[in-house]
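The sequence and the model come first, and the description comes after them.

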Amino acid sequence: MAGSALITGGTGGLGAAVTRAFLDGGWRVVVPVFDERERERVPAHERLVLEPADLSDLESTSAVTAIAAGDDEAPLRAVVNLVGGFAEGGRVHETPVEDYESQLRLNLRPAYLVCHAAIPHLQAAGGGAIVCVSSRSALRPFPGAAGYIVAKAAVLAFVDVLAAEYRDDGIRANAVLPSVIDTPANRRSMPAADHGRWVAPEQIAGVVRFLCEDGAGVVSGAHVPVYGRA
């Protein structure tokens with residue numbers, strides 16, 4: 001067994017593919033579940049644990065992280081932060097500060113709390129990998145989503161901090177930057193787009209798993225574009 005992986009957002013459009021990729025790679029996978037209906041999105045598997053958790057709450061986050069680290073035969077070796085959200089609206093002068101701040105909380109707080117809780121377990125296991133999901137828009141902004149874009153840019157800075165602070169602990173931190181992911185939700189919201197140019201969740205999932213495995217053992221602090229042809 002490769003070890004245990006804690007995958008937040010592991011039942012979502014991208015997350016379900018990441019969960020499958022890790023299971024296919026022999027990992028034990030723990031996925032925090034906020035809404036019980038999320039359980040229907042991923043098929044049962046003997047190495048998959050779906051555990052109720054609120055990743056905006058420190059105590060709940062610490063509890064689910066302890067479950068991910070609680071198998072002596074499969075210590076926690078990977079953390080994948082996929083939880084986040086997108087909101088589009090007006091330009092800065094048209095957007096209430098509350099809407100702006102809600103995007104910062106949604107895209108940054110869970111990643112921070114999960115890493116805060118998980119890093120001691122990774123240290124105890126002798127190292128591991130952290131992967132966070134940013135966005136191409138962090139590098140190529142567009143109008144009408146300041147909160148989301150600033151939050152995703154901050155994710156890159158957070159990854160850089162993790163890479164610098166924990167390199168001597170054997171903990172690597174990297175980010176992937178998708179463009180448009182080919183999910184049912186994105187197809188519904190953009191029916192006239194050329195979906196063939198989008199990136200399949202399974203393609204991104206393969207990159208995420210690679211970044212957590214030994215083959216990427218010399219990679220840390222990277223911002224990996226997964227744009228496809230979009």
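## Basis

This is a predicted model, in which local features need pLDDT of at least 70 and side-chain atom pairs count only at pLDDT 80 or more, while totals for chains, interfaces and linings use all residues. Residues are numbered from 1 along each chain as its sequence is written, and side-chain values use heavy atoms, with hydrogens and water left out.

## The chain as a whole

The chain holds six helices and seven strands. Helices (H or I, at least four residues) and strands (E, at least two) are DSSP runs, numbered from the N terminus. Read from the N terminus, the order of the elements is β-α-β-β-α-β-α-β-α-β-α-α-β. With a radius of gyration of 17 Å, close to the 17 Å that the globule rule gives for 230 residues, the chain is as compact as a globular protein of that length. That radius is taken over C-alpha atoms, and the globule rule is 2.2 Å times the number of residues to the power 0.38. The C-alpha trace spans about 50 × 35 × 35 Å along its principal axes.

Of the 230 residues in the chain, 46% are buried. Buried means under 20% relative accessible area, exposed means over 50%, and partly exposed lies in between (1.4 Å probe, protein chains only). Contact means heavy atoms within 4.5 Å. Among contacts between residues at least 6 apart in sequence, 69% join residues at least 24 apart.

## Helix α1 and its cover

Helix α1 takes in residues 15–24, and eight of its ten residues are buried. These are G15, A16, A17, V18, T19, A21, F22 and L23. Which elements cover them? Included are the strands β1 (4–8), β2 (28–33), β3 (48–52) and β4 (76–81), together with helix α6 (201–212).

T19 is a residue of α1 and is buried, at 1% relative accessibility. Apart from its neighbours within four places in sequence, T19 is in contact with I7, G10, V29, V31 and L48. Just after α1, G26 has a positive phi of about 90 degrees.

P201 belongs to helix α6 and is buried, with a relative accessible area of 8%. Leaving out neighbours within four places in sequence, the contacts of P201 are G13, L14, A17, I181, D182 and T183. The C-alpha atoms of P201 and A17 are 5.8 Å apart, although the two residues are 184 apart in sequence.

## Helices α2 and α3

Helix α2 (residues 58–68) packs with helix α3 (residues 97–124) at an angle of about 40 degrees, and their axes are 9 Å apart. Axes are lines fitted to C-alpha atoms, for helices over the stretch in contact, and angles run from 0 to 180 degrees between N-to-C directions. On the α2 side the contact is made by L58, T61, S62, T65 and A66, and on the α3 side by L113, V114, H116, A117, A118 and H121. These residues divide into six nonpolar, five polar and no charged. Ala, Val, Leu, Ile, Met, Phe, Trp, Tyr, Cys and Pro count as nonpolar, Asp, Glu, Lys and Arg as charged, and the others, Gly among them, as polar.

## Two cysteines

How many disulfides are there? The count is zero, where a disulfide is a pair of cysteine sulfur atoms within 2.5 Å. For C115, the nearest cysteine sulfur is that of C132, 5.1 Å away. C115 is buried, with a relative accessible area of 2%. C132 is likewise in no disulfide and is buried, at 3% relative accessibility.

## Pairs of residues in space

The table gives two further pairs by their C-alpha atoms.

| Pair | Separation along the chain | C-alpha distance |
|---|---|---|
| V97 and G147 | 50 residues | 9.0 Å |
| G70 and V133 | 63 residues | 25 Å |

V97 is in helix α3 and is partly exposed, at 45% relative accessibility. G70 lies in the loop between α2 and β4 and is exposed, at 56% relative accessibility.
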